[in-house]
Amino acid sequence: MNRASHKPTNPTLAKGNCFVILRAVINSLVKQRVDYVLSELGQIAFLIRDIFLSLLTFKVVWRDLLYQIYSIGVKSQSVVLVTGAFTGMVLGAQTYFQFHKVKMDTATLAVVSVSLCDELGPVLTALMVAGRVGASIAAEIGTMRVTEQIDALRTLATHPVDYLVLPRIIAAHIALPFLALEAIVVGIFSSYLVCVHILGIEPVYLWENMLRYTHDVDIVIGVVKAFIFGGIIALIGCYKGLTCGLGAEGVGLATTEAVVYSSITILVANFFLTLVMGKLVGLL
Amino acid sequence: MIEVRNLQKSFGANKILDGVSFRIENGESVVIIGRSGGGKSVLLKHLVGLLQPDSGEILIDGENIGPLNERQLLRVRRKFGMVFQGAALFDSMTVAENVGFAFRNHQHLNAGEITRRVAAALEMVDLPGTENRKPAELSGGMRKRVGLARAVIYEPQILLYDEPTTGLDPIVSDSIDKLIIRVRDHLKVTSIVVTHDMRSARRVGNRVMMLHEKKIYANATPEEFFASSDAIVRQFVDGVADAKECLI
């Protein structure tokens, strides 16, 4: 190598080139990610369109629907009841610890009740069901896809959305509000037991305040949220199953993504639902 | 009648089919052979609308199925029955539920009639009395038979077989071949069989088509095909890696 002919590099120019390359790489990565997200959203939009078309043209097979309600709703009860009970107990204890300082012990159950009805009941129920049911839906449909069972369905003149997606969506929409109500009732009752028997709060005032500050609209908000979260869980689980990659790795990834995406979507949707419904009922 | 005109299909940059054209008349029994990964199953899936062509036309009884959407294709698919390579039985259902699946939404058939038809279909594939077993309890050959029973129960016009004897021992393969011939003769259906098995191709087909280099390379009667002196055909028929080792 001729060292004499080699010009020294300008450090400022070299630094500038690095930034240009780095910016190009970042732009490319961001573009890829944006393309991917838009493509996924587009495919979900097509799936939603197919679900509506299926609703219009498909007669619900009651046996399939009842089986899905059993699978999504009845089988999720234990996990939802345990979640509701312990959330209610912890919330009751924590609220008491703070309210006791300002002599507002008897307002504890009112706070627990409103929190469970508006937020914690539907959200925690949905997150628990997303972990159990969302994963199960994605794994079941994904396995059917990689073993050509979905192709077999199609050759038997059955639309996969009619047979696989619609019963699960309807079942989740029906099951989640009931599960959320169960979680709310069990949570309030557990909190009541903790407040009265462990923390020694006067039960009559505790109950009276809860009834005074918990309104019908709080229960309606919780039920509406749970209804929407049910659809989100089933939709994302079905979508991830129907589009999963090949092999065991593809099914595993689809299962993980179904749980992660539905949990995140529930949390984000909850924020907007809180704002919208708060506005509707005049809280905002 | 099935007609394929200048069918082209790629997956990404990988071109699988490049100008495939052929015609199959009603009642014919056609065997499609070719090397692994050569696009035989892809071609078969195009015929029933499971895959959409990049270009070209697929006409089923004169109707081009390319522009049809998934719901419109359901009507066309009622003409088809398909036996999958891995049988593709619904593993959450019993054998009877699998075989009777096509009737699950039929209002005009009562449960007794469905049970009778399922039993008849299982009898046809030599599996009587297996109604209550689950697919996981069946051997590979039995699963393919159940897959065949599921495909023939609603008496389709066209039967597609995707490698029906792959992975089976010679005795079971022979019984599946005989079953294909029996179903063909009994139901008078158009049969299209994708296979690597030369013995099977010789027995079940009235015509043999060879897919090579993304196109239909040969299209002849079994007698003509297996007597061919073409180097590429001979290499495949004789099953040799080097064309110079061919028997003829």
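# Notebook: a two-chain predicted model

**Entry 1, strand E3 of chain B.** I started with E3(B) and found both of its faces covered: B:Ser29, B:Val31 and B:Ile33 on one side, and B:Val30, B:Ile32 and B:Gly34 on the other, are all buried. For "buried" I used 20 or more other C-beta atoms within 10 Å of the residue's own; 12 or fewer is exposed, in between is partly exposed, and C-beta atoms are placed from the backbone. Helices (H or I, at least four residues) and strands (E, at least two) are DSSP runs, numbered from the N terminus.

A note on the model: it is predicted, so local features need pLDDT of at least 70 and side-chain atom pairs count only at pLDDT 80 or more, while totals for chains, interfaces and linings use all residues. Residues are numbered from 1 along each chain as its sequence is written, and chains are lettered from A and ligands numbered from 1 in the order in which they are written.

I then followed the whole sheet: it is open, its six strands come in the order E6-E7-E8-E3-E9-E10 (chain B), and the pairing is mixed. Its edge strands are E6 and E10 (215–220) of chain B, each pairing on one side only. On average, neighbouring strands are turned by 20° against each other, direction ignored. Helix H5(B) packs on this sheet, where it touches E6 and E7 of chain B, and its direction makes about 175° with that of E6(B). For such angles, axes are lines fitted to C-alpha atoms, for helices over the stretch in contact, and the values run from 0 to 180 degrees between N-to-C directions.

Is H5(B) largely enclosed or open? Eleven of its 13 residues are buried, so the rest of the structure largely encloses this helix. Among the buried ones are B:Gly141, B:Arg143, B:Lys144 and B:Arg145. They pack against strand E6 (80–83), helix H3 (95–99), helix H4 (111–124), strand E7 (158–162) and helix H6 (170–187) of chain B. I also checked the length: at 1.5 Å a residue, the 13 residues (140–152) should span 18 Å, and the end C-alpha atoms are 19 Å apart, which agrees. The expected span here is 1.5 Å times one less than the number of residues.

Chain B has another open sheet, with four strands in the order E2-E1-E4-E5 and antiparallel pairing. Strands E2 (14–24) and E5 (63–64) of chain B are at the edges with a single partner strand each, so one side of each has no neighbour in the sheet. Strand E1 (residues 2–11) and strand E4 (residues 55–60) of chain B pair over five antiparallel bridges. One pair I looked up is B:Glu3 with B:Leu59 in E4(B).

I found 16 residues of chain B in contact with eleven residues of chain A, contact being C-beta atoms, placed from the backbone, within 7 Å. Helix H2 (70–77) and E6 of chain B are the elements that give two or more residues to this side of chain B. H2(B) gives the largest share, four residues. By class, this side has ten nonpolar, two polar and four charged residues. Here Ala, Val, Leu, Ile, Met, Phe, Trp, Tyr, Cys and Pro count as nonpolar, Asp, Glu, Lys and Arg as charged, and the others, Gly among them, as polar.

Chain B holds nine helices and ten strands. Its radius of gyration is 18 Å, close to the 18 Å that the globule rule gives for 248 residues, so chain B is as compact as a globular protein of that length. That radius is taken over C-alpha atoms, and the rule is 2.2 Å times the number of residues to the power 0.38. Chain A has nine helices and zero strands. The radius of gyration of chain A is 26 Å, well over the 19 Å the rule gives for 284 residues, so chain A is more spread out than a compact globule. Its C-alpha trace spans about 95 × 60 × 35 Å along the principal axes.

How values were computed:
Two residues are in contact if their C-beta atoms, placed from the backbone, lie within 7 Å. Two strands pair if DSSP finds at least two bridges between them.
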